[in-house]
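Work through the exercises below with the structure open beside you, and try each task before you read its solution.

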Amino acid sequence: MEHFYEILWSLLAIAGTALTTWLIATITNWLNKKIKDKKLADIMTSLTTLVMTVVEKTYQTVVQTLKEQNSFDKHTQEVIKTNAINEIKRQLTVEQKEYIDSLGMKVEEWISLQIEAMIYQLKK
């Protein structure tokens, strides 16, 4: 009977070790996902803020003045947009560029879409 208890305790110890290993792996995966989600949220927030800041600054310092002078035409609009894209690209971090790449878009294309969306929001 004593031999039976030794075997039983050994089996329980093995099961406990396996359960602990599984629990640690599960908690680690959950924490890593939360950290990754937070990191992506931070990247998106910083990207949105960057685009918004450049668009607002450009509108206030360039577009408004040109509109007041009746000098704002299609060509000027394209030049201003190109300058805004270049300004945003210059300020992007490596992580932000990698995130945009992970979306399957070229950085310039993504920025252009964001600028258009931001202008639309500002006009509303």
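**Exercise 1.** Find which residue lies over the face of Phe72, and state how far from the ring centre it is.

*Solution.* In this predicted model, begin at the ring of Phe72 and look along the direction that faces away from its plane, where Lys67 is found at 5.3 Å from the ring centre. Then check the count of aromatic pairs, which is 0 for the structure.

**Exercise 2.** Locate Asn70 and decide whether it is buried or exposed.

*Solution.* First place the residue: Asn70 sits in the loop between H1 and H2. Next consider its backbone, where phi is positive, at about 55°, although Asn70 is not a glycine. Finally, compare its relative accessibility of 72% with the cut-off for exposed residues, which is over 50%; because the value is 72%, Asn70 counts as exposed.

**Exercise 3.** Describe the largest pocket by its volume and by the residues that line it.

*Solution.* Start with the volume, which is about 460 Å³. The lining consists of 19 residues, and the closest to the centre of the pocket are Tyr59, Val63, Phe72, Ile119 and Lys123. As for the helices, H1, H2 and H4 each supply at least two lining residues, and the largest share, 7 residues, comes from H1.

**Exercise 4.** Compare the reach of helix H4 with the expected value, and list its buried residues.

*Solution.* Helix H4 covers residues 107-123, 17 residues in all, and reaches 24 Å from its first C-alpha to its last, close to the 24 Å expected at 1.5 Å a residue. Its buried residues are Val107, Trp110, Ile111, Ser112, Ile115 and Met118.

Terms used:
Residues numbered from 1 in each chain as written. Predicted model: local features only at pLDDT ≥ 70, side-chain atom pairs only at ≥ 80, totals over all residues. Heavy atoms only, no water. Helix = DSSP H or I, 4+ residues; strand = E, 2+ residues; numbered from the N terminus. Expected span 1.5 Å × (residues − 1). Buried < 20%, exposed > 50% of the residue type's maximum accessible area, 1.4 Å probe, protein only. 1 Å grid on protein atoms, 1.4 Å probe; cavity = no way out; pocket = protein on both sides within 12 Å on 5 of 7 lines; lining within 4 Å. Points joined across faces, edges and corners; volume = space filled by probe spheres on them. Phe/Tyr/Trp six-rings, centres within 6.5 Å; stacked < 30°, edge-to-face > 60°. Lys NZ or Arg CZ within 6 Å of the ring centre and 35° of its normal.
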